[in-house]
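Subject: Structure handover

Hello,

Here is the structure you will be working with. Please open it beside this message and follow along.

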Amino acid sequence: MSETTHDGGVAVSDRPSPDDGMTAAELAAKYGLSVSGARPGLVEYVRQLWGRRHFILAFSQAKLTAQYSKAKLGQLWQVATPLLNALVYFLIFGLILNADRGMGREIYIPFLVTGVFVFTFTQSSVMAGVRAISGNLGLVRALHFPRASLPISFSLQQLQQLLFSMIVLFAVAIGFGSYPRLSWLLIVPVLVLQFCFNTGLAMIFARLGSKTPDLAQLMPFVMRTWMYASGVMFSIPVMLADHPGWISDVLQWNPAAIYMDLMRFALIDGYGSANLPPHVWAVAGGWAAVVAVGGFVYFWKAEERYGRG
Amino acid sequence: MAEARVPTVIADELHIVYRVNGARTGKGSATAALSRILKRGSDDTARGVRKVHAVKGVSFVAYRGEAIGLIGSNGSGKSTLLRAIAGLLPAERGKVYTDGQPSLLGVNAALMNDLTGERNVILGGLAMGMSREQIRERYQEIVDFSGINEKGDFITLPMRTYSSGMAARLRFSIAAAKDHDVLMIDEALATGDRAFQKRSEARIRELRKQAGTVFLVSHNNKSIRDTCDRVLWLERGELRMDGPTEEVMKEYEKFTGK
């Protein structure tokens, strides 16, 4: 290529060439160049994302494994951590406070543990989402991939974490007299819906967090308020029996409460459909669809700006 | 001959600005931060966001088959320019047009120190957009090239147990496993011992042949002279000179007082 005529000047267009006098945009159009880093269309974006599914899965598994890789017990902690969590709740609420909140202990303990695990799934997905872009700027600035891979991958990591917790949850349920039955199959659709909801939420917070990293400091308080308002430790209709009905309705229809209640309904023998709000599956599906699709579109809208930080 | 020149990268009046939070004043106290937030006005600088104008109006056209060196002192905007060309950093103003997807050579950010070398090869490959089959095909090649297993079975150990040289070798081997249309290489990639340096230089030459256009950022004037036929000289984010290697290097060496 040494025959090319460089003139050493800064102005590139000075060079003798048939393309002389063309603006950069015209030149780009002539040779079919595209704008670097431009946001692809929504359909193309979904296609690219699908092409990266192996990366998304591998990244989530790698993050999960890396968590405990220095510990002597290694991956055993995946199960031991939720187990210890459940034990603490059993110790405090079951043995010391002897609480049952009007349900009987054999229901209340699995009720509580289910609530904690299910809410933790949403909570950690949101927290991971806030830092999905802002905490991985190095990656965003080094490699090309649809940025939605990151929040999706982090929620997938939390889903795998929850699957380990489910082992403990099954043990707790059986320990308190709820034996495996057909309704346990409902756990699968509940998890699928909650995962869609969490991923959408993670994408919303990934975009917000990329612009305002301060959210990482603020969100724990928001999430804790949400947790107490969602009836993790008490049954909403029982606790709010002497309040106006709409308060309890609103609290029960909030997505976190919906997914917790559905999981309890599926898992716990004495927790019947009377504890569920009306149209519970429709509400669960609606939340999942609206937040997943809305979150995805909202995240995609800023795709080309995530590298800025 | 002029007809044969097909542009692959066009930068048009490119400006890149970084925004740094909470770096306006030296005072890092909470009250200072609060007063900055409370200060009225939509102006970024008034609210403690400091702007760093890293690349200021750079324009150039790169053609197929060219190997272009980027030189300039530290902080002159070389790496930033590369990232903008790759579409990884959004431009403040101006545009970059490219043929296909330019890629930066390097996967460091995707790798995890707590994972084994083996899993990092797979993870890094996937992060670069390779398919599982491609990685499986190249896996042995990558491991052999890195020479990690020369001193025993290290590839099944976590990367945090590697010496810094070994880790750098593995990172380069993973990064160099993929072919690229427009390839960008940031300085000091070829680390490690003498034998590995030679091997990696050979690999870069190979990659260069496959790639349409190559950008190389380096502080090593010799490697710029060896690999590049055109050089862009950046200083303080501005394009100071653009021309054949020898011409620009002479001026640059005069400027740096070497």
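Predicted model: local features only at pLDDT ≥ 70, side-chain atom pairs only at ≥ 80, totals over all residues.

A strand in chain B

Start with strand S6 of chain B, residues 182-185. Val182(B) and Met184(B) lie on one side of S6(B), and Leu183(B) and Ile185(B) on the other. All four are buried, so both faces of the strand are covered. In a regular strand the side chains alternate between the two faces of the sheet.

S6(B) has a pairing with strand S5 of chain B (residues 103-105), parallel and made through 3 bridges. Within that pairing, Leu105(B) has Ile185(B) as its bridge partner. S6(B) is also joined to strand S7 of chain B (residues 213-217) by 4 bridges, and these two run parallel as well. There, Val182(B) is partnered by Thr213(B).

A helix in chain B

Helix H6 of chain B covers residues 194-210, which is 17 residues. From first C-alpha to last it reaches 25 Å, close to the 24 Å expected at 1.5 Å a residue. Which residues of H6(B) are buried? They are Phe196(B), Arg199(B), Ser200(B) and Ile204(B). These residues are on the same side of H6(B), because they cover an arc of only 145° around the axis.

The face turned away from that buried side carries exposed residues: Arg194(B), Ala195(B), Lys198(B), Ala202(B), Glu206(B) and Lys209(B). As for what the buried residues of H6(B) pack against, the partners are helix H4 (132-146), helix H5 (164-175) and S6 of chain B.

Where the chains touch

How many residues does the contact take from each chain? Chain B gives 55 and chain A gives 41. On the chain B side, several elements each supply at least two residues, including strand S1 (7-21), strand S2 (49-63), helix H3 (117-127) and strand S9 (238-244). By class, this side of chain B has 30 nonpolar, 10 polar and 15 charged residues.

Strands from the two chains also pair. Strand S1 of chain A (residues 34-35) and S4(B) are antiparallel, with 2 bridges between them. In this pairing Ser34(A) stands opposite Thr98(B).

Annotated spans in chain A

An unreviewed UniProt entry annotates "transmembrane region" in chain A at residues 76-96, 108-130, 162-179, 185-209 and 280-300. Two of these spans can be compared with the model. Residues 76-96 of chain A are 95% helix and 0% strand, with end C-alpha atoms 28 Å apart. Residues 162-179 of chain A are 78% helix and 0% strand, and their end C-alpha atoms lie 20 Å apart.

Two positive phi angles

His279(A) is not a glycine, yet it has a positive phi of about 55°. This residue lies in the loop between helix H12 (255-267) and helix H13 (280-300) of chain A. Is His279(A) buried or exposed? His279(A) has 11 other C-beta atoms within 10 Å, so it is exposed.

Glu13(B) is another non-glycine residue with a positive phi, here about 45°. Glu13(B) lies in strand S1 of chain B. With 13 other C-beta atoms within 10 Å, Glu13(B) is partly exposed.

Regards

Conventions. Residues numbered from 1 in each chain as written. Chains lettered and ligands numbered in written order. Buried ≥ 20, exposed ≤ 12 C-beta atoms within 10 Å, placed from the backbone. Pairing = 2+ DSSP bridges. Expected span 1.5 Å × (residues − 1). Arc of directions from axis to C-beta. Contact = placed C-beta atoms within 7 Å. UniProt positions renumbered as here; feature names shortened; annotations may be inferred. Nonpolar A, V, L, I, M, F, W, Y, C, P; charged D, E, K, R; others polar.
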